[in-house]
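I opened this model to take notes on how its parts pack. My entries follow in the order I looked things up.

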Amino acid sequence: MSRTSAFASPEILPISKPEELPIYDNNFANVTGAGALFEQLALDIASTNNCADIIRKWGYTCQVHRVLTKDNVLLTTHRIQSRNKFNQNKTSPPILLWHGFGGSGNCFVCAPERNSNLPFHLIEKGGFDIWLGNARGPLYTDFTLRGSKIFSIDDIVQHDIPAVVDYITKYTSHPKLIYIGISQGTTSIFGALSIHSELNKRIHLVIALAPTLRPSIDSIAGIVFPLFQHLGANVANNVYLHSTMLFKDLIPSKISSKIVGAITQFGFKWDFSILGSDTRLVPLVAHAYHGTSREVIDHWLQTMKQDISFSYYQRKSLDLFNPMGHQHVSPVRYPTKHITVPIHLFYSLSDSITDITQLTENLPAANTSFVEIKEYSHFEFLFGKDAKQKVFDPIADIIIDSLPPCGSSNPDKTL
């Protein structure tokens with residue numbers, strides 16, 4: 001595959017036809033919380049692995065774009081636009097949503113109520129042009145040209161985000177875009193902006209949900225940390241990358257969601273039950289995590305063990321998962337105070353992954369604002385039963401307020 005193919009015509013998938021795929025919008029638009037229809041909807045979303053198919057079932061057209069990175073990894077990005085051509089906001093910059101640890105763009109469209117999905121809420125409220133980014137991982141990635149499937153967060157920071165931002169701005173002819181990330185998706189953009197000065201000129205603003213530069217070691221110290229430290233080196237990278245998807249294919253969604261939920265609560269102290277009924281949890285858990293490289297996990301272990309802000313992965317300086325190795329490496333932190341883009345943090349002190357001290361000390365105070373959502377857990381920022389009121393509506397307001405009014409010559413709001 002040549003590099004020029006990275007800007008080939010996208011695959012445009014129309015709104016689902018009833019005989020081809022079930023259309024959620026026709027049959028389930030007003031279904032919430034209980035009953036046979038809601039369960040049917042939840043199970044169908046959980047069993048649909050392809051993001052484009054989920055989008056089409058919700059009644060939207062989806063474009064599938066292929067983006068080639070500088071290290072020859074072919075990524076997939078999904079574009080969603082308003083179903084109503086008269087509700088398409090063509091003056092606003094496109095909005096890029098970026099998932100967290102081991103996830104994909106699926107996480108943004110898998111809630112079993114249409115307006116409980118952030119992209120659809122933004123489209124219906126403002127007609128925005130939405131793009132779902134997918135970092136390298138087991139879904140939506142072709143490693144053929146690169147060869148190796150081993151990668152750390154550094155590769156996402158150095159290659160994936162810059163390539164996708166560059167592609168979207170060129171394809172849409174907008175000089176800037178708006179970036180919304182969650183969890184590791186916030187870490188990745190902080191790292192990318194800190195080392196790519198030109199990237200700061202391509203992003204209008206960053207909205208960071210459940211942000212982190214260094215998770216608290218206490219959040220996983222009991223089981224996960226020692227387990228990965230002592231056993232991780234004996235597990236092949238492909239197991240980390242692909243075993244979760246294999247597990248989901250072999251075990252029914254209703255059962256696998258309970259197993260994954262129990263493991264997550266046990267290992268990370270996250271209680272999925274606060275997100276709603278068992279039925280509602282099935283698609284949320286199914287699409288929250290797909291798998292990642294062994295080095296991504298070790299990258300996080302390194303950061304937490306050294307008790308510093310997000311730093312470069314010390315691949316050549318240690319044996320993977322060696323519990324002693326991280327102690328003798330001098331970390332090189334990402335220079336996140338160099339970021340010049342306006343940053344809006346949506347955080348909660350109840351979120352074990354967010355260390356607010358690290359964020360306040362390592363992000364530029366002049367262009368960072370903080371929005372606290374009290375008593376929110378990590379996944380509630382996307383999947384909370386009241387996320388529409390507490391998170392989605394404020395995000396839309398921030399975006400709209402940041403845009404220049406028609407005919408404005410205000411340089412501070414000119415894109």
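**Helix 4 and its surroundings**

I began with what helix 4 packs against. This is a predicted model. The buried residues of helix 4 pack against strand 3, strand 4, strand 5, strand 7 (177-182), strand 8 and helix 14. I then listed those buried residues: Leu 118, Pro 119, Phe 120, His 121, Leu 122, Ile 123 and Gly 126. That makes seven of the nine residues in helix 4, so I noted the helix as mostly covered. I also checked what comes just after helix 4. There Gly 127 takes a positive phi of about 65°.

**The nonpolar cores**

Next I asked which residues touch the most other members of the largest nonpolar core. They are Leu 122, Ile 180, Leu 209, Ile 395 and Ile 399, in a core of 60 residues. Helix 14 (residues 387-402) gives this core its largest share, seven residues. Leu 122 is also on my list of buried residues in helix 4.

I looked up the contacts of Ile 399. Leaving out residues up to four places away in sequence, Ile 399 touches Ile 95, Leu 122, Phe 128, Ile 178, Ile 180 and Ile 207. Another core lies apart from the largest one. It has 42 residues, including Phe 143, Val 206, Leu 241 and Leu 345.

**Whole-chain values**

I then took the values for the whole chain. Its secondary structure comes to 14 helices and ten strands. Of the 415 residues, 58% are buried. I also checked the contacts between residues at least 6 apart in sequence. Of these, 76% join residues at least 24 apart. The chain exposes about 16,900 Å². Carbon and sulfur atoms supply 54% of that area.

**Salt bridges**

How many salt bridges does the count come to? I got 19. The general point is that side chains of opposite charge can pair when their charged atoms come close.

I looked at Arg 136 and Asp 71. Their side chains meet in a salt bridge, 2.8 Å from N to O. The pair links distant parts of the chain, 65 residues apart. Arg 136 is in the loop between strand 5 (130-133) and strand 6 (141-142). Asp 71 is in the loop between strand 2 (62-68) and strand 3 (74-80). Is Arg 136 buried or exposed? Arg 136 has a relative accessible area of 3%, so it is buried. Asp 71 stands at 16%, under the 20% cut-off, and therefore counts as buried too. Asp 71, Arg 136, Arg 146 and Asp 160 are linked in a network of salt bridges.

I turned to Glu 113 and Arg 280. They form a salt bridge, with the closest N and O atoms 2.9 Å apart. This pair also links distant parts of the chain, 167 residues apart. Glu 113 is in the loop between strand 4 (95-98) and helix 4 (118-126), and Arg 280 is in helix 10 (residues 278-288). Both residues are buried.

I noted one more pair. Lys 201 forms a salt bridge with Glu 198, the closest N and O atoms being 3.0 Å apart.

**Asn 200**

Asn 200 sits in the loop between helix 6 (184-195) and strand 8 (203-209). Its relative accessible area is 10%, so Asn 200 is buried. What does Asn 200 contact, leaving aside its neighbours within four places in sequence? I found Leu 193, Ile 339, Thr 340 and Val 341. For Thr 340 I checked a polar distance. The backbone nitrogen of Thr 340 lies 3.0 Å from a polar atom of the Asn 200 side chain.

**Partly exposed residues**

I looked for a nonpolar surface patch. Ile 255, Ile 259 and Ile 263 make one of about 260 Å². Ile 255 belongs to helix 9 (residues 253-268). At 45% relative accessibility, Ile 255 counts as partly exposed.

My last stop was Asp 53, in helix 3 (residues 51-57). Its relative accessibility is 23%, so Asp 53 counts as partly exposed. Asp 53 and Leu 13 are 40 residues apart in sequence. Their C-alpha atoms are 8.7 Å apart in space.

Terms used. Residues are numbered from 1 along each chain as its sequence is written. This is a predicted model: local features need pLDDT of at least 70, side-chain atom pairs count only at pLDDT 80 or more; totals for chains, interfaces and linings use all residues. Side-chain values use heavy atoms; hydrogens and water are left out. A nonpolar core is a set of buried Ala, Val, Leu, Ile, Met, Phe, Trp, Tyr and Cys residues joined through side-chain atoms within 4.5 Å. Buried means under 20% relative accessible area, exposed over 50%, partly exposed in between (1.4 Å probe, protein chains only). Helices (H or I, at least four residues) and strands (E, at least two) are DSSP runs, numbered from the N terminus. Contact means heavy atoms within 4.5 Å. A polar contact is a pair of N or O atoms within 3.5 Å; within protein, one must be able to donate a hydrogen and the other to accept it, and residues adjacent in sequence count only if both atoms are side-chain atoms. Patches are made of residues with over 30% relative accessible area and no salt bridge: like charges are joined within 9 Å, nonpolar side chains (Val, Leu, Ile, Met, Phe, Trp, Tyr) within 5 Å. Accessible areas come from the Shrake-Rupley method with a 1.4 Å probe; for residues, only the protein chains shown count as cover. A salt bridge is a side-chain nitrogen of Lys or Arg within 4 Å of a carboxyl oxygen of Asp or Glu.
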